[in-house]
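Let's take a friendly walk through the aromatic rings of this model. Please have the sequence and the 3D view open side by side.

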Amino acid sequence: MRYAIVIFCVVIIIIIIFILKSTSFPAKIRKAEEYLDGGFISKANEIVKKILERKGDYVPARYLRALILMKQNQYLLAISEFNAVLSLPNFNKFINEIDIHYHLARLYNETKNFPKEIDEYKIILTFNPDDLVSNHRIGHALYQKKDYKKAREHLTKAISIDPSLSDAYLPLGISCFYISDFEKSEEYLTQALKVPGDHSDTQFFLGSIYQMKKDYKNAIPMYENAKRERKYYLKSLYKIGEIYFHLEEYESAIEVLEQGLVALKENNEESHEYRYLLAECYEHQNKIKEAYHHWTKISEENPNFRGTRLKLESYQEILGNESLMTMFLSSLEALQPTIVEMISSLNFNIISKEQISPNEYQYKAYNIKRINDPPILIYFHRTTREISEDSLNDFQKKIIQEKCKNGMYITTSRFSIRAKSIAQSTTIELFDSEYLKRVIERIRSKRRVK
């Protein structure tokens, strides 16, 4: 009986010692935390080490060891330790899980494991959908991945919580631009302009918005500023060229676009688009050889690019015919004697003329053989472009407005099939480049004889 009592007492003493040691862990953890906060990392580490030697799965000690590893910049070991804590049973009785995910997000960022960082922030959002840091970082990450719709969602939430997040306005503005929310895009990009730093991205996209709004007065300066940045140099020149092309200021467009020729890359879609626009500007100025040069450069690299082959064929026809080339080597004003003689050969006497553009003239004329007939409207159009049905419809309206009996459309180019069809159902006669070649050759022959 005495031995039983002794054994019982020994067991009780062991249990008491164990309980005392166990209950002393929290106090030791608090002491280690104080050391860590004070910068005494080695002392904190020593306490944690001793605790884990006695109880290796003690959650507060494992968590504190992960914090110590962070302080020591041992990021990979810290990541491993935090993940180990998450795998321990009932860890959340001691540690707030969201704190661990915050630490892991920071560590993944430090080790440049950005996908894992974003995964951590996504987990945090399951706990708190309005978490500022998570929305902010996820928004930036999705913007980099060009997932603009979701980027806008997270960044919008972030600035609704903290409008002072100035680095969110640019990605927000560009994200809105790509999902066609141009009103919001302009609003955010305007805010981004107020943030110190490089504004080339902001200016290029604001220029694009102003261009869509046909606010060219503000669009051009934006592009001019953006082109100082190398990645926007050609893009900005192209956009400015587009604006001048739309305004029919072809000389200005050519002057701008020629600046970027030396920067064009070979066999590159952007380069083909660039040359195509420049060639169109030359075409509108009737600078045949210059336009032909750029069509040829495009065709050599990509023969199927936007109908370039057809362009070259029409140009070869002009360049190969001396009679037709004469119509492109002088101003229409200088060509008036030839045009008047051409119209006279059709038995018409010009009573008035009006210059519509450097390449278009409009004439009113009477039929010499039918003097009592109403006047006819004659339209002369110097171009290498095929005349479309829209041009014929516009001309028919002018005939009616001018109270003319019928009309003649004379061009250095050719007519589309639909344009010819419209002419047959109206009172318009068509004269294309084939006619011009014949009549000019006759006129030149007559002049040589004289």
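Which residues do ring pairs link into a cluster? They are Y143, Y148, F177, Y178, F182, F204, F205, Y223 and Y232. Rings of Phe, Tyr and Trp (its six-membered ring) pair if their centres lie within 6.5 Å; planes under 30 degrees apart count as stacked, over 60 as edge-to-face and the rest as tilted.

A word on the basis: this is a predicted model, where local features need pLDDT of at least 70, side-chain atom pairs count only at pLDDT 80 or more, and totals for chains, interfaces and linings use all residues. Residues are numbered from 1 along each chain as its sequence is written, and side-chain values use heavy atoms, with hydrogens and water left out.

Searching the whole structure gives 22 aromatic pairs.

Y63 belongs to helix α3 (residues 59–71) and F82 to helix α4 (residues 75–87), so their pair ties together parts 19 residues apart in sequence. Helices here are DSSP runs (H or I, at least four residues), numbered from the N terminus. Y63 and F82 are both buried, meaning under 20% relative accessible area with a 1.4 Å probe, protein chains only.

F177, in helix α9 (residues 169–178), and F205, in helix α11 (residues 200–212), are 28 residues apart in sequence, so this pair also ties separate parts together. F177 counts as buried at 15% relative accessibility, and F205 does at 6%.

Key:
Helix = DSSP H or I, 4+ residues; strand = E, 2+ residues; numbered from the N terminus. Buried < 20%, exposed > 50% of the residue type's maximum accessible area, 1.4 Å probe, protein only.
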